[in-house]
Amino acid sequence: INAEYGGGGTSIVMTETNLREQLERDGYIIIRNVIDADLLQEASKHVEWLLKNNPGIKPEQLHHPLMWLDPFWVRLISDSRLLDVAEQLIGPDICLFSSHYICKAAGTGLPVLWHQDGSYFPLEQTNPSIPMGPVNMWLAIDNSVPENGCLRVVPGSHKQQLQPLKERRDLDNVLNSEIQCSVDESLAVDIILNKGDISIHHPNIIHGSKANTSDMRRCGLTIRYMPTASRLLSDSLAPNLFLLRGKPVPGVNTYRPWPRYIPEKHPSFSGCNTWNEYKKTRQGNVKELDQTEEKALEELSKKELEIMCGNAAANKITK
C-alpha cells in the first residue's frame, strides 16, 4: 500500500543541513522532479473536477475548505516524497495546517500581489528546541514560467520583519491585499518550475506573481506544513489540521480524521480502493467522523469558502 502513496518514490538527495542553510541564506529552495507524471495527471484531473463541481468559484480560489472531506487532496499532501522534504526542515512529527490550489486559467489568470505568507498564518512555538516552521511548499501541477505567471521572489527579503498589509480591491487579484511597503521589482527573480518540481519559501520572503496572459494554464498547489509542537492560533484554519507523520504533542492542536473515500461522491484515484483502510494507519488515534459530523463539516466548508472567496485576506489588513 505504501508504494501507492509515494512510498516507492526517489529519495531527495539534498541533506538536511543543505536545505536549512539554503533556506536561511536565500529565502527559497527549488527541488526538481519530486512527484511523478502519473500522480501529476491525477492532480490535474482533480483540479478539473473541483472546478466542475464548484462553478461559482474562480480557479485561483480553490481554498482549503474544499480539502476537508476530499480524500485525494489529503492523499496528495501526505505523499511521502513531500513529507521527506518537510522532515528535513522541521523534523519527523509533521502536520498540515493549510493547502490551496492556485489555478491561473490561460489568458485570464489573476496576479498575486506582493506579500509575505507569515502575515496570514499565526503560529506559536511551544518547544524552543524544535523549529516552529512553517514549511511553505509550492508543488507545480503545470509548468510554471514567466509567460503564465510563475512565482516571483525578492531574495534576501526574508530577513525583514513582517510588513503591514493593505487592502487592494481596485485591481482584481487573488488575495485582495498586498504589503504596504514599496518593492523594488528589479530585484525579483522568477521561480521557473517544471510540473512535478517543488519550491519552498521562507514565511517572511516577499513574493507574488503576475497575471497569466499566455495560452497556458498555470496551476500550483500550496502546502503548509508545521511540526506538531507548533500551535496554530487560528480558529478558521483549525479544520485543516491533519496529522501526517510522527506523533502529536499532548495539549497542542486537535487533529481531524483523514477524509474517507466515497465512490459515488469522489473521483477515483490510484489506491482509492484501499484508501479507507490505509488512512487509519496514518491518521493516529483520531476519532472518525460519523455521518452527522461529516454533514456539519460539509456545511461549514461551504460557509468558510463563501467568506474566503469574498475576502481572501480578512485578517491583518489595513483598509
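Visitor: In which loop is Asp70 found?
Guide: This is a predicted model. Helix H3 covers residues 71-77. Asp70 is found in the loop between H2 and helix H3.

Visitor: Is Asp70 buried or exposed?
Guide: Buried means under 20% relative accessible area. Asp70 has 3% relative accessibility, so Asp70 counts as buried.

Visitor: Which residues does Asp70 touch, not counting residues up to four places away in sequence?
Guide: Contact means heavy atoms within 4.5 Å. With residues up to four places away in sequence left out, Asp70 touches His46, Trp49, Leu50 and Pro259.

Visitor: What separates the C-alpha atoms of Asp70 and Ser236?
Guide: Along the chain, Asp70 and Ser236 are 166 residues apart.

Visitor: Why does the radius of gyration of the chain agree with a compact globule?
Guide: The chain has 319 residues, so a compact globule would have a radius near 20 Å. The C-alpha atoms fill a box of roughly 50 × 45 × 35 Å along the principal axes. The radius of gyration of the chain agrees with the globule value, because it is 18 Å.

Visitor: What share of the contacts in the chain with a separation of 6 or more comes from residues 24 or more positions apart?
Guide: Of the 319 residues, 54% count as buried. Among contacts with a separation of 6 or more, residues 24 or more positions apart account for 83%.

Visitor: How far apart do the centres of the positive and negative side chains lie?
Guide: The chain has 34 positive side chains and 39 negative ones. The centres of the two sets lie apart by 2 Å.

Visitor: How many residues of helix H4 are buried?
Guide: H4 is mostly covered. Its buried residues include Leu82, Leu83, Val85 and Ala86. Arg81 and Gln88 are also among them. Of the 11 residues in H4, the number buried is nine.

Visitor: Which residue follows H4, and what is its phi?
Guide: H4 ends in a buried residue, Ile90. Next comes Gly91, with a positive phi near 95°.

Visitor: How far is the nearest cysteine sulfur from Cys103?
Guide: The structure holds zero disulfides. Cys103 is thus in none, and a disulfide needs sulfur atoms within 2.5 Å. The nearest cysteine sulfur belongs to Cys219, at 4.1 Å.

Visitor: Which residues does a cis peptide bond join?
Guide: The site is in the loop between strand S4 and strand S5, where Pro134 lies. Omega is about 0°. The cis bond joins Gly133 and Pro134.

Visitor: Is Asn33 buried or exposed?
Guide: Asn33 sits in the loop between strand S1 and helix H2. Its phi is positive, about 55°, although Asn33 is not a glycine. The relative accessible area is 63%, so Asn33 is exposed.

Visitor: Is Asn253 buried or exposed?
Guide: Asn253 has a positive phi of about 75° and is not a glycine. Its place is the loop between strand S14 and helix H5. At 17% relative accessibility, Asn253 counts as buried.

Notes. Residues numbered from 1 in each chain as written. Predicted model: local features only at pLDDT ≥ 70, side-chain atom pairs only at ≥ 80, totals over all residues. Heavy atoms only, no water. Rg over C-alpha atoms; globule rule 2.2 N^0.38 Å. Buried < 20%, exposed > 50% of the residue type's maximum accessible area, 1.4 Å probe, protein only. Lys, Arg positive; Asp, Glu negative; His and termini not counted. Charge placed at Lys NZ, Arg CZ, Asp CG, Glu CD. Helix = DSSP H or I, 4+ residues; strand = E, 2+ residues; numbered from the N terminus.
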